[in-house]
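Here is a friendly note to read with the model open beside you. Please take the points in order and find each named residue as you go.

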Amino acid sequence: MPHLRLAAALCLAPAATFLPAGASARDVALGADLERFAYPAPVHWFAADSQGAHVRMAYLDVPPSAAPNGSTVVLLHGKNFCAATWYDTARRLAAAGYRVIAPDQIGFCKSSKPAGYQYSFHAMAALTRALLQQAGAGRVVLVGHSTGGVLATRFALLYPDRVARLVLVNPLGLNDTLAEGVPYTDLGALRVEEAKTSAATIKAYQLRNYYHGSWRPAYDRWVAMLAGQYAGADGDRVRDAQARLSDMIQTQPVAAELPRLTVPTVLLIGQRDLTAFRAGSAPPEARAAVRTVPQAAEQAVARIPGARLVRLDSLGHAPQVEDPAAFFATLREVIVPSER
């Protein structure tokens with residue numbers, strides 16, 4: 001677990017133009033830390049020492065815009081997402097009386113990407129816990145999406161006293177894809193793959209796996225956000241971080257530890273999600289054995305004590321982006337018991 005040194009949080013107003021809904025998915029340089037991409041709410045900062053490096057994590061801290069209900073919801077993003085992607089959900093939760101915290105994890109988006117960093121869900125959980133301590137958050141409702149679902153599960157395993165309720169939204173890590181036939185890909189090969197990343201490849205992947213072949217102009221700004229990190233002169237720093245993060249995801253599933261969860265847990269699963277992490281690298285004859293997120297969730301829910309599975313029949317991998325209103329209505333329903 002990394003040694004953490006706290007520093008005062010800074011609240012900064014956005015300094016760049018936030019790409020509007022409908023902005024075309026292009027390779028426009030936005031900086032390796034999204035310096036030229038403004039988030040839709042003030043950005044706060046948490047600083048720490050981790051693995052001998054001084055790191056900063058950006059986060060949104062959205063206060064209740066209605067009568068406060070005393071609960072804090074923490075939103076953890078996936079690999080192809082950022083804290084900003086959660087904003088629609090955050091503002092709806094704030095209007096329902098919640099305080100909402102949405103961090104950019106180390107290695108992602110506006111947060112630090114230290115050279116040679118050994119990414120792990122344990123390290124991320126420790127940093128997130130320290131961030132929440134600095135922010136004065138007590139027990140929280142923890143919502144993790146995709147890769148953020150792996151992190152949320154690890155956090156709940158390490159710090160169950162800090163979690164009132166765990167909500168996993170189309171999480172990875174419910175199955176061990178290496179055990180199911182996906183070959184291990186070493187860091188060098190992952191870097192070669194990252195060198196090919198562009199707005200076009202990001203959009204093509206998301207169109208097939210996340211949005212079941214149906215694209216909306218509103219999704220383009222999120223593609224431009226991701227591609228913009230790669231497009232500048234410092235893009236190699238992003239490529240290296242993303243390769244290391246992929247190695248973390250492929251080697252650190254939480255499937256074997258699901259029975260150890262002790263916090264109330266709900267799985268929110270878009271049934272049209274085709275995501276099966278790196279299944280495309282498996283031999284064609286082995287791909288059918290690599291379970292998609294919805295397939296893995298059907299078996300995982302029975303292995304988590306007292307867990308509940310909520311199926312979102314018409315939605316894919318990112319229901320909070322695809323249908324924000326419907327997603328929020330379901331999320332609100334499943335987190336209400338935590339207030340009692």
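1. A pocket is an open set of points on a 1 Å grid over the protein atoms alone, with protein on both sides within 12 Å along at least five of seven lines. Grid points are joined across faces, edges and corners, and a volume is the space filled by probe spheres set on the points. The largest pocket here holds about 1000 Å³ of space. It is lined by 37 residues, and Asn80, Glu193, Tyr205, Phe277 and Arg278 are the closest to its centre; a lining residue has an atom within 4 Å of a point.

2. Before going on, note that this is a predicted model: local features need pLDDT of at least 70, side-chain atom pairs count only at pLDDT 80 or more, and totals for chains, interfaces and linings use all residues. Residues are numbered from 1 along each chain as its sequence is written, and side-chain values use heavy atoms, with hydrogens and water left out.

3. By class, the lining has 15 nonpolar, 15 polar and seven charged residues. Here Ala, Val, Leu, Ile, Met, Phe, Trp, Tyr, Cys and Pro count as nonpolar, Asp, Glu, Lys and Arg as charged, and the others, Gly among them, as polar.

4. A cavity is a set of grid points where a 1.4 Å probe fits but cannot get out. The whole structure has three cavities of 30 Å³ or more, and the largest cavity has a volume of about 110 Å³. Of the 15 residues lining the largest cavity, Leu172, Gly173, Asn175, Thr177 and Phe277 lie nearest its centre. Eight of the lining residues are nonpolar, five polar and two charged.

5. Turn next to a helix pair. The axes of H4 (residues 187–194) and H7 (residues 235–251) come within 8 Å and cross at roughly 125°. Axes are lines fitted to C-alpha atoms, for helices over the stretch in contact, and angles run from 0 to 180 degrees between N-to-C directions. The contact (heavy atoms within 4.5 Å) includes Leu187 and Arg191 of H4 and Ala243 and Asp247 of H7. Its classes are three nonpolar, three polar and six charged residues.

6. Finally, compare helix H1 (residues 87–95) and helix H10 (residues 324–335), whose axes come within 10 Å and cross at roughly 50°. Among the residues that meet are Leu93 in H1 and Phe328 in H10. This contact has seven nonpolar, one polar and two charged residues.

Definitions and conventions
Helix = DSSP H or I, 4+ residues; strand = E, 2+ residues; numbered from the N terminus.
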